[in-house]
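Dear colleague,

Please find the structure below, handed over for your use.

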Amino acid sequence: MADLKSQIIEQLNLQEVKPEDIGDDQPLFKDGLGLDSIDALELIVLLQQHYSIRLANPDQGPEIFYSVRTMATYITAQQKQPG
Amino acid sequence: MSKQTAYITGSCVVRKHQVYRNGALLWQEAPSLELQEFLRKAYDRFSGQYPKFHKMDPLSKLGWLAAEVLLREAPIEDHLPEQVAIVLSNRSASLDTDLRYYNTVKDIPSPALFVYTLPNIVIGEICIRHGFKGEHAFFTMDSFDAEQVVSYAQLLLDSGVATACLCGWVEVMDQQYEVALFLAERQQREGAVAFTAAEVKKLYAQQSGS
């Protein structure tokens, strides 16, 4: 998850945030890390660029991008899927 | 022609990695610095505590920083948010960011860059920071045209639409940039000069070192 945190920081230009500042279960949006709707789109781009994962159903977004842990779980599950 | 008087109650000019407020050099950095490095240092020097700054494009960063420097010393809270107008202009519109965005289109288009592919976004960033809700306009012109900017700002002040107007020039293309912001108010304050194209030109030229 440390790598994912670094990727999030780089993708979203969070220059005043360090990986250790982001809790594994901390909400990424609203009162958590305070990300906005454009950041949500950038997280979709991150999945595509770094993990070749295309988000098939945008309705899943709030669930997948709730925290670093939920993102990591989703990435791991996608990578385990055959072909 | 305006029938009423307004005053220039503050100015901020940023060029050649030098920051001037009201004609006085406040801070400077080595001319060899890349623009983004200069902007980051200027942010650390004059602001901080506004993480959204790092997501802005260079045009918005420049306008936002100049507004930050200028308004720090200006009694802008005397005005209703709905009566603070912004009238800006430049030469390259948002081309600097448009080209950067175009380069991402070949791969995966960047949403974060796309939102800055309009020149008036810099006005939005200043408004968000200071809570302004007044009229605004952004003009594209070959070079800073004080007559046009002053005449439009004066119209807003004369018509009562605004009691204060932040106006001027915010240009960037690659490493070349220049910002000149002026605060015009109805109310005269100490050290203020008449809000005329001639006075604006004088301030703009003085701080260019020419």
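Predicted model: local features only at pLDDT ≥ 70, side-chain atom pairs only at ≥ 80, totals over all residues.

The axes of helix H6 (residues 146-158) of chain B and helix H7 (residues 197-206) of chain B come within 9 Å and cross at roughly 125°. Here helices (H or I, at least four residues) are DSSP runs numbered from the N terminus; axes are lines fitted to C-alpha atoms over the stretch in contact, and angles run from 0 to 180 degrees between N-to-C directions. H6(B) and H7(B) are therefore oblique to each other, since angles under 35 degrees count as roughly parallel, over 145 as roughly antiparallel, 65 to 115 as roughly perpendicular and the rest as oblique.

Residues are numbered from 1 along each chain as its sequence is written, and chains are lettered from A and ligands numbered from 1 in the order in which they are written.

On the H6(B) side, Ala146(B), Glu147(B) and Val150(B) meet Ala197(B), Val200(B), Lys201(B) and Tyr204(B) of H7(B); contact requires C-beta atoms, placed from the backbone, to lie within 7 Å. This contact of H6(B) with H7(B) comprises 5 nonpolar, no polar and 2 charged residues (Ala, Val, Leu, Ile, Met, Phe, Trp, Tyr, Cys and Pro are nonpolar, Asp, Glu, Lys and Arg charged, and the others, Gly among them, polar).

The largest nonpolar core has 58 residues, of which Ala66(B), Ala153(B), Cys165(B), Val179(B) and Ala184(B) touch the most other members. Such a core is a set of buried Ala, Val, Leu, Ile, Met, Phe, Trp, Tyr and Cys residues joined through C-beta atoms within 7 Å, buried meaning 20 or more other C-beta atoms within 10 Å of a residue's own. H2(B) supplies the largest share of this core, 9 residues.

Finally, 10 residues of chain A are in contact with 8 residues of chain B.

Yours sincerely

Definitions and conventions. Contact = placed C-beta atoms within 7 Å. Helix = DSSP H or I, 4+ residues; strand = E, 2+ residues; numbered from the N terminus. Buried ≥ 20, exposed ≤ 12 C-beta atoms within 10 Å, placed from the backbone.
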